[in-house]
Amino acid sequence: MVMNAILRGQTAVFSSIAKEYIAVTEGIGVNCRSHLGRLKVSGADAIDLLNRLSTNKLDDLAVGNIQGTVLTTNKGRIIDLLYVLRQDDHLLVITGPDTCQRVSEWIDFYTFIEDVVVEDITDSTAMLSLVGANVPRKLASFAEIPPFSSVSDSLGSVDTLVLRTDFLGRFACDLIVAAEDEEALWATLTEFGALPVGSDALELLRIERGFAGYGSELCEDYNPLEAGLIDFISFNKGCYIGQEVVARLNTYDKVQRKLAGLSMQSGVPELPSDLLHDGRKIGALTSAVALHNGDGIVGLGYVRNAHAEVGERLLTADGIEVVVERVWQDD
């Protein structure tokens, strides 16, 4: 199972970041996302409990559809961004790569008399992702899948659950299979013409498009409004853990920091890195990666409102100049 180990190890680059970036923007790229957590949540009260624990409205989610939602602490800070697929007799919940156990324990902590059972199926399943503009052009059956919905399909000889998540704002499908079928599905997709893509190319696309990332922008240091997750928040669904804090921040415009697109000419500091203005901390650089053409470095970070202006020049703690290129909440 050498290939299985390589895939689960999150290879940074398979060929070159330039080729892989073109694949996920203009062609077809296949990436292994098996490192993300997967929970099977079953029981008569499963959807109701998750609805009461997280930011988005889930209780009217139709079978076969997917909804993004955020688990927050009592203080309204991010525990995790979840993608919830409702199936006939259970929910499939996709978590961050290092938060699966935390999410499971959080659900269990708030389960009292409810009929809810949580099973971690991360190790018994695998998840590969097809990303790129040519996916729906070359795979007609995939083009017919509406955003945030799912179908069961057979790819090669592998029974596959296909979730259209568009997780980076471009056409993207997550393919979930039994763990023992991971290598066979990878082979089928690459034989079809999908280019193997490592984590660096997807990280570059994520940063360029301003999507908060697991373990960097998505963590308990920040709230979902700062992270640009307003599309995953319902403000009229009723109570959930952290709801009062999130609602107050939104109603009274009290969000203090914004997610900003940043650039540097060279030198990626150790992350996260404080961002300074006149020697005073005004934010944090949380993600950074070299551009595919070698022309500098792009990053994401949180910047206090007073300095969240395009063209603002900041410094990292070790003296690297950082320029604010875009403020995502202003778009």
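**Reading the model step by step**

Guide: Let us begin with overall size: for 331 residues a compact globule would have a radius of gyration near 20 Å, and the protein has 20 Å, so the two agree. Please keep in mind that this is a predicted model.

Visitor: What are the rough dimensions of the box that the C-alpha atoms fill, and how many helices and strands does the secondary structure come to?

Guide: Taken along the principal axes, the box filled by the C-alpha atoms is roughly 60 × 50 × 35 Å, and the secondary structure comes to 9 helices and 17 strands. Of the 331 residues, 53% are buried, while the accessible surface comes to about 14,800 Å², with 48% of that surface belonging to carbon and sulfur atoms. If you consider the contacts between residues at least 6 apart in sequence, 68% of them join residues at least 24 apart.

Visitor: How should I read a sheet, and in what order do the strands of the open sheet stand here?

Guide: The general idea is that strands of a sheet pair through backbone hydrogen bonds, either parallel or antiparallel. In this structure 6 strands form an open sheet with mixed pairing, and their order is E8-E9-E10-E7-E1-E11. Its edge strands are E8 (149–155) and E11 (195–196), each of which pairs on one side only.

Visitor: In which sense do E8 and E9 pair, and over how many bridges?

Guide: E8 and E9, the latter covering residues 158–164, pair in the antiparallel sense over 7 bridges.

Visitor: Which strand is joined to E9 by 4 bridges, and is E9 mostly covered or mostly open?

Guide: That strand is E10 (residues 172–178), which runs antiparallel to E9, and one place to look is arginine 164, which stands opposite cysteine 173 in E10. As for cover, 6 of the 7 residues of E9 are buried, and the strand is therefore described as mostly covered.

Visitor: Which residues are buried in helix H9?

Guide: In helix H9 (residues 243–251), the buried residues are Gln243, Val245, Val246 and Leu249. Aspartate 253, which follows H9, has a positive phi near 50°.

Visitor: How do I read aromatic pairs, and how many are there?

Guide: A pair of aromatic rings is described by the distance of the centres and the angle of the planes. Here the count comes to 5 aromatic pairs. Among them, phenylalanine 14 and tryptophan 186 have ring centres 5.6 Å apart and planes at 40°, so this pair is tilted. Because phenylalanine 14 lies in the loop between helix H1 (2–8) and helix H2 (17–26), and tryptophan 186 in helix H7 (residues 182–192), the pair ties together parts that are 172 residues apart in sequence. Phenylalanine 14 is partly exposed at 33% relative accessibility, whereas tryptophan 186 is buried, with a relative accessible area of 6%.

Visitor: What kind of pair do phenylalanine 109 and tyrosine 110 form?

Guide: Their pair is edge-to-face, with 5.0 Å centre to centre and 85° between the planes. Phenylalanine 109 is exposed, with a relative accessible area of 56%, whereas tyrosine 110 counts as buried at 15%. Together with Trp106, Phe109 and Tyr110 form one aromatic cluster.

Visitor: Where do charged side chains sit over rings?

Guide: Arginine 33 lies over the face of phenylalanine 167, at 3.6 Å from the ring centre, and the charged end of lysine 138 sits over the ring of phenylalanine 192, 5.4 Å from its centre.

Methods. Residues are numbered from 1 along each chain as its sequence is written. This is a predicted model: local features need pLDDT of at least 70, side-chain atom pairs count only at pLDDT 80 or more; totals for chains, interfaces and linings use all residues. Side-chain values use heavy atoms; hydrogens and water are left out. Two strands pair if DSSP finds at least two bridges between them. Helices (H or I, at least four residues) and strands (E, at least two) are DSSP runs, numbered from the N terminus. Buried means under 20% relative accessible area, exposed over 50%, partly exposed in between (1.4 Å probe, protein chains only). Rings of Phe, Tyr and Trp (its six-membered ring) pair if their centres lie within 6.5 Å; planes under 30 degrees apart count as stacked, over 60 as edge-to-face and the rest as tilted. A charge sits over a ring if NZ of Lys or CZ of Arg is within 6 Å of the ring centre and within 35 degrees of the ring normal. The radius of gyration is taken over C-alpha atoms; the globule rule is 2.2 Å times the number of residues to the power 0.38. Contact means heavy atoms within 4.5 Å. Accessible areas come from the Shrake-Rupley method with a 1.4 Å probe; for residues, only the protein chains shown count as cover.
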